[in-house]
Amino acid sequence: MKMRTATRSVLVTAALAIGLVPAGCGGGDPQPLIAQDVAAAAGIARAVHTHGENCVFDYNRDGVADLFLSTHDDAPWQLFRGRPDGTFVETNLGTFPERDRHGCASGDFNGDGRPDIYASIGGCEGTCRADKELWIQKPDGTFVDRASQFGIADPGGRGRQPLTLNANDDRWPDLFVGQAVGVDYESPNRLWLNVDGRRFVNPPGLPTEEIDNECVTAGDIDDDGYDELMVCSGEILDDAFRVYDNTRGTYSIANDKFGVPEYGRADADLSDLNGDGRLDLVTLSPTLLEVRLNESGRFPEPNYTLDVSAGRDFAVGDADGDGSQDIYVLKGENGTLPDLLLLNEGSGEGFTRFSGLPQVTTGDGDTVQAIPGWRGTPRAAFLVNNGFEAASGPRQLIELMGE
C-alpha cells in the first residue's frame, strides 16, 4: 500500500544530483534524535477522512518530494509542491474534483519526461460505474485527465491500490490496479500494459483476477529484468497472499517458488534491508510483522518477527540517516495503541525500538508513507493518515532530528 522502492530511489538520486542530500552520508548522527510532528509547520496539517494512500513523488523534477494528498470522497484531493526547507505549497487548485479516490500511482506514462498521476476511483460500493483518472502533466505543470483516451477508464471497477511497475521490460511504465470485488459489475484486479506511451491494454490471464485487494507491492525479486508482483487479497480468498512470478512478461502464481506462505497480510513491501542490493520482503498482519531476507531470489524463512496489535500499515525509510532502511509500523485504535518505529541495526535481522513517537489519540490509523531525502538530509520523514474509513483524524508528518 505504499510508494515502492524504485520510486523512492529516484527521489533520493535526484536529491543527490542537485546537492540536497550530502553524498557519502550514512555514517549515522552522533547527536541523540527526537521525533516531532511537523505537519503544521510544513503547511499540510488537517483533519482528514482517508481510505488509501497518498502519492509521494517529484512531479516538477526539482529533486524535492511533492505530495498528492488523500481526503477520500469528502473533499478534493490536493497537490502540494515541496520546498527544500520541508514546507509545502498547494498548486493546481481546482484541478482535482471531489471524487471517491482510494489511491494513486505516478510515472511518466506518455514518455514526455514529466511525471503523471493515475488515480483509482471506487464504484458506489459496487453499485455504480465510475471512470478512473489518468492525469497527464502538460508542459506548464498543469494536469488534464486522459483516462478514456488511454483506454484505462475501467468504469465498472471498484478501484483500490494502484502501482507502477515494469511488467514487460520495455521503457514504458505499466500499471497494476487492485480493486474490491464487484457487486453489480465485474471488478477484477487488472494489469495494464503501456503501449508506446499512447494507450494501455489489459491482456488476458494473470495477474488479472477478481480476488479483492488490500495491498500490493512489486519488484524484480530474481534479478531477471521483470517485476514480480505481490497482492494481499480479501475475503474472497480468505485473506490470502498472492505472489506472482514474472517470466518474460507472463505471470504465474508462485508462492512456493519464492518461499512465501499464502496466509493473509494487511500490507507488504519489497526493499533492500541488509544492503546487499537485493529486494527483501517485509509483511504485516494485524498481529505480526515479518522480515524475510532475499536468498538467491527466495524468502525461505523469517529473519525477524515482532508481535504487534492492530497492525494496519507500514512504511520503509531511513529514519535516522545511517544508510539502513527502518520500518514505521502504523496501528489502528489510536486512543490506546501507539505506532512503532523500528531502527534497523544494519543487517535486516535486528531492530531497535525508537521511543518517543508523537501519537494522536483521535481518528484511526490508516496509512503511512516515507518521504526520502527529507529537508536535504539522508533521513526520511513519515507521512501518516489517521482517517481510516468512517473516522476523521489529523494528518501527521513525523521527522527525526537532533536534540
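Residues are numbered from 1 along each chain as its sequence is written, and side-chain values use heavy atoms, with hydrogens and water left out. Because the model is predicted, local features need pLDDT of at least 70 and side-chain atom pairs count only at pLDDT 80 or more, while totals for chains, interfaces and linings use all residues.

The largest nonpolar core holds 17 residues. A nonpolar core is a set of buried Ala, Val, Leu, Ile, Met, Phe, Trp, Tyr and Cys residues joined through side-chain atoms within 4.5 Å. Buried means under 20% relative accessible area, exposed over 50%, and partly exposed in between, with a 1.4 Å probe and protein chains only. Tyr 328, Leu 341, Phe 354 and Phe 382 touch the most other members of this core. At least two core residues come from each of β1 (33-37), β24 (326-331), β25 (340-344), β27 (367-371), β28 (381-385) and β30 (396-402). Strands are DSSP runs (E, at least two residues), numbered from the N terminus. In soluble globular proteins, nonpolar side chains tend to be buried together.

Phe 354 illustrates the contacts in this region. Contact means heavy atoms within 4.5 Å. With residues up to four places away in sequence not counted, Phe 354 touches Leu 33, Ile 34, Ala 35, Leu 341, Leu 343 and Leu 400. Strand β26 (residues 351-354) runs antiparallel to β25, and 4 bridges join the two. Strands pair if DSSP finds at least two bridges between them. Leu 343 has Thr 352 of β26 as its bridge partner. The hairpin of β25 and β26 has 6 residues between the strands. Gly 346 in this hairpin takes a positive phi near 120 degrees.

Asp 320 lies in the loop between β23 (311-317) and β24. Asp 320 is buried yet has no salt bridge. A salt bridge is a side-chain nitrogen of Lys or Arg within 4 Å of a carboxyl oxygen of Asp or Glu. The nearest side chain of opposite charge belongs to Arg 379, 7.0 Å away. For charge, Lys and Arg count as positive and Asp and Glu as negative, with His and the chain ends not counted. Asp 320 touches Leu 33, Asp 326, Leu 343, Arg 379 and Leu 400, again leaving out residues up to four places away in sequence.

Thr 367 belongs to strand β27. Thr 367 counts as buried because its relative accessibility is 0%.

The model contains 3 disulfides, each a pair of cysteine sulfur atoms within 2.5 Å. In sequence order, the bonded cysteines pair as 1-2, 3-4, 5-6. Cys 55 is joined to Cys 104, with an S to S distance of 2.3 Å. This pair links distant parts of the chain, 49 residues apart: Cys 55 is in β3 (residues 55-57) and Cys 104 in β7 (residues 101-107). Both Cys 55 and Cys 104 are buried.

Cys 124 is joined to Cys 128 at 1.9 Å. Their link is right-handed, with 75 degrees about the S-S bond. Cys 124 has a relative accessible area of 43%, so it is partly exposed. Cys 215 is joined to Cys 232, also at an S to S distance of 1.9 Å. This link is right-handed, with 60 degrees about the S-S bond. The pair links distant parts of the chain, with Cys 215 in β15 and Cys 232 in β16 (residues 228-232), 17 residues apart. Cys 215 counts as buried at 0% relative accessibility, and Cys 232 counts as buried at 0%.

Most residues other than glycine have a negative phi, and most peptide bonds are trans. The peptide bond from Leu 206 to Pro 207 is cis, with omega near 5 degrees. Pro 207 sits in the loop between β14 (199-201) and β15 (215-219). Asp 196 has a positive phi, near 55 degrees. The loop between β13 (190-195) and β14 contains Asp 196. Asp 196 is partly exposed, at 43% relative accessibility. Arg 248 has a positive phi of about 50 degrees and lies in the loop between β17 (241-247) and β18 (250-253). Arg 248 counts as exposed because its relative accessibility is 67%.
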